[in-house]
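User: I have a structure open on my screen and would like to go through it with you. Could you start with whatever aromatic grouping it contains?

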Amino acid sequence: MASTLRNSIFLGVWTAIFVSFATTLLAAVSSPESEAAALLESGWWSSYSNDTSQRCNWPGISCNNAGSVTKINPPANLIQVGDRFGKLNFSSFPNLALLDLSYRKLGGNIPPQTAHLSALKYLDLSHCELSGELPPSLGNLPQLEHLDISHNHGINGSFPPLGNLKNLLSLDLSFNSHSGSIQPEIGKLKHLGCLYLQQNIIVGQMPSTLYQLTNLSDMFLGSNKIEGSIPQNFENLKNLTYLNLSNNRLYGPSTVAFCRLSKLEYVNLDKKELNGSIPSEIRNLNSLMFFHVRDNSLTGSIPPSVGNLSQLRLLSLDSNHLEGSIPPNVANLKKLTACTISNNSFTAHIPPALGHLTYLSHLSLVKNQISGSIPSSIGNLSKLQELYLDSNRLEGPIPEEIGNLEGINSLDLSKNKLNGSIPPQIGNCLNLSSLDLSSNNLEGQIPPQIGKLSELKSLNLSYNKLSGETPVLNGTDLHIVFTKNGCTTIHPNPFEGNKDLSIFLCSSATQNTKSSRTALYMKISLPIAAFTAFSILSCLILSLFKAKKNQSDSHTTKNGDFFSIWNYDGKIAYEDIIAATEDFDIRHCIGTGGYGSVYKAQLPSGKIVALKKLHRLEAEDPVFDKSFKNEVKIV
């Protein structure tokens, strides 16, 4: 007994001596000088500096008081690591606690030498274009608290054994190409608070040990191929706040286990094979803000207890088999911004109480069997941007209060039984970009106010009973085109199936684009230009014809017909007169009067005329001018 005790003490002493020696040796080998040499040999900072004495001042390097490197986080805009990732001698950094190379284009595999970083607490290699399998040595980092190797689509293979990472708080391997199943040893990570494994190719069932992670607050396993049912012991995860199991192959009843996780704020169970009803115990989720359960096989009705979820922002129950009426107490969800319960079998009326949800920006009740009229209280939803009530059994007129939705950009009331006219107040919805009122019983004229919706890009009023003329729509952003008859219309045709409605606009309205205006200007200006050119050409031809005729008559009368003077056409043959009278020679004078002398002259044409030459003074007398004109009229 004593001998055994002496041997144990002896062995313990030698073990202590060996550990002390190893520690001293490691410290000697991994001195600040060796760290400096490792940094220099890596080539990461080669373009920045080679002065290792200033290494603690290099960008992305932090040291402790002894000058040993504790953090490496080189800024991507200064230090280009690239394919030199594996050139860093990781064994030279015994005190390195943080290594962050995220968003660097490293490429290649993760060096297994990272296992030598025994003091490492934070490792981030996300968005680095890495590939290959994760090295098993990652499971040998006992101090590691944060591990992020997400968004490296080239990383594949199964998960390495990570059960030894006892201090791990956050594990993010999402958006990779991991295959295989989640290992049961994950249950050993007692301190784990965040688990992100979404967007991989994980198969198999969730291990039962997963529910031993009682500190887990975030669990994202969506978009994998996980199968099986959700076990009842899921309720052990009392601290769970964010849960995403969407787009997997989970099935079975929608267990009430979720409803006992009172800290849940976000739940996404979309695209699974859940059945059963929404339990009334959902009222226990007092902190719930986002509830997604789309594309499942849920049945029954929405429990009135949903009205207790006072923090709810989003409620999405699309594409299930839910029925019954929408409970009026949804009006208690004062913070609700989006409600989508489309593609179910809801009946009854739209509760007017919905008008109390003044923060609502998105409401979709598409493809149900909802009847009755659209409540006028819908106009109270001043923040509403999208309203989809199509494919139901709604009837009655469109409430004019719809014009109060000044911020709405998409409105779809198609495929109902709405009647009456389109309210002109819809012109107040100046942000409206999509309007669909097709397949109803609407009648009357299209209000011209629609033509003032400058943001309108999509319009469908087909298959109604509308009549009259199409209003001017060139103020909108619709695709207006010219037709062969010189009119305009909309493409694609939003007026089909309205037999009493003219789909063509044959006014002076033009398209809203430069090309359409140019086309219209061409149609107007080309005929005018052609007519002007024809007129000018005609005048030129007529002038040439007259000039030729005058030239042919020049042998008879050099300066035109003398008698044209009486017609005041201005053609006076002065040279013929001088020649015929020999410059008014006395031999040709046949009489003299008080105002002038009369001469006889024979013109070249053979005509004999009498000419009166006025005295100078009398010709300047206005009284004589009047007397002479009277004499001419008598002659």
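**Aromatic residues and their surroundings**

Analyst: This is a predicted model. In it, Tyr-196, Phe-220, Tyr-242, Tyr-266 and Phe-290 form one aromatic cluster.

User: How many aromatic pairs does the structure hold?

Analyst: There are nine aromatic pairs in the structure. One of them joins Tyr-266 and Phe-290 in a tilted arrangement, with 6.1 Å from centre to centre and 50° between the planes. Tyr-266 belongs to strand β16 (residues 266–268) and Phe-290 to strand β18 (residues 290–292), so this pair ties together parts that are 24 residues apart in sequence.

User: Is Tyr-266 buried or exposed? And what does Phe-290 count as?

Analyst: Tyr-266 is buried, its relative accessible area being 18%. Phe-290 counts as partly exposed, at 30% relative accessibility.

User: Let us turn to charges. How many salt bridges does the count come to?

Analyst: The count comes to three salt bridges. In one of them, the side chains of Glu-235 and Arg-260 meet at 2.6 Å, N to O. Glu-235 sits in the loop between β13 (225–229) and β14 (242–244), and Arg-260 in the loop between β15 (249–253) and β16, so the pair ties together parts that are 25 residues apart in sequence. Glu-235 is buried at a relative accessible area of 19%, whereas Arg-260 is partly exposed at 44%.

User: What does Arg-294 pair with?

Analyst: Arg-294 meets Asp-270 in a salt bridge of 3.0 Å, N to O. The pair links distant parts of the chain, 24 residues apart: Arg-294 is in the loop between β18 and β19, and Asp-270 is in the loop between β16 and β17 (273–277). Asp-270 is buried, with a relative accessible area of 4%, while Arg-294 is partly exposed at 31%.

User: And which residue forms a salt bridge with Lys-457?

Analyst: That residue is Asp-477, and the closest N and O atoms are 3.7 Å apart. Asp-477 lies in the loop between β33 (465–468) and β34 (480–482), and Lys-457 in the loop between β31 (441–444) and β32 (458–460), so the two tie together parts that are 20 residues apart in sequence. Asp-477 counts as partly exposed, at 39% relative accessibility.

User: A change of topic: where is Ser-305, and is it buried or exposed?

Analyst: Ser-305 is in the loop between β19 (297–299) and β20 (314–316). With a relative accessible area of 10%, Ser-305 is buried.

User: What is Ser-305 in contact with, apart from its neighbours within four places in sequence?

Analyst: Ser-305 is in contact with Ser-280, Ile-282 and Arg-283. A polar atom of the Ser-305 side chain lies 2.9 Å from the backbone oxygen of Ser-280.

User: Now the backbone. Which peptide bond is cis?

Analyst: The peptide bond from His-491 to Pro-492 is cis, with omega near -5°. Pro-492 is placed in the loop between β35 (488–490) and β36 (500–501).

User: What about the helices? Which residues are buried in α2?

Analyst: In helix α2 (residues 32–42), the buried residues are Ser-34, Glu-35, Ala-36, Ala-38, Leu-39 and Ser-42. After α2 comes Gly-43, with a positive phi near 80°.

User: Which residues form a nonpolar patch on the surface?

Analyst: Ile-536, Leu-537, Leu-540 and Ile-541 form such a patch, with about 400 Å² of accessible area together. Ile-541 is in helix α3 (residues 514–552) and counts as exposed, at 52% relative accessibility.

User: To finish, what does the secondary structure of the protein come to, and how is its surface made up?

Analyst: The protein has six helices and 39 strands. Its accessible surface comes to about 32500 Å², and 54% of that belongs to carbon and sulfur atoms. Of the 635 residues, 43% are buried.

Definitions and conventions. Residues are numbered from 1 along each chain as its sequence is written. This is a predicted model: local features need pLDDT of at least 70, side-chain atom pairs count only at pLDDT 80 or more; totals for chains, interfaces and linings use all residues. Side-chain values use heavy atoms; hydrogens and water are left out. Rings of Phe, Tyr and Trp (its six-membered ring) pair if their centres lie within 6.5 Å; planes under 30 degrees apart count as stacked, over 60 as edge-to-face and the rest as tilted. Helices (H or I, at least four residues) and strands (E, at least two) are DSSP runs, numbered from the N terminus. Buried means under 20% relative accessible area, exposed over 50%, partly exposed in between (1.4 Å probe, protein chains only). Patches are made of residues with over 30% relative accessible area and no salt bridge: like charges are joined within 9 Å, nonpolar side chains (Val, Leu, Ile, Met, Phe, Trp, Tyr) within 5 Å. Accessible areas come from the Shrake-Rupley method with a 1.4 Å probe; for residues, only the protein chains shown count as cover. A salt bridge is a side-chain nitrogen of Lys or Arg within 4 Å of a carboxyl oxygen of Asp or Glu. A polar contact is a pair of N or O atoms within 3.5 Å; within protein, one must be able to donate a hydrogen and the other to accept it, and residues adjacent in sequence count only if both atoms are side-chain atoms. Contact means heavy atoms within 4.5 Å.
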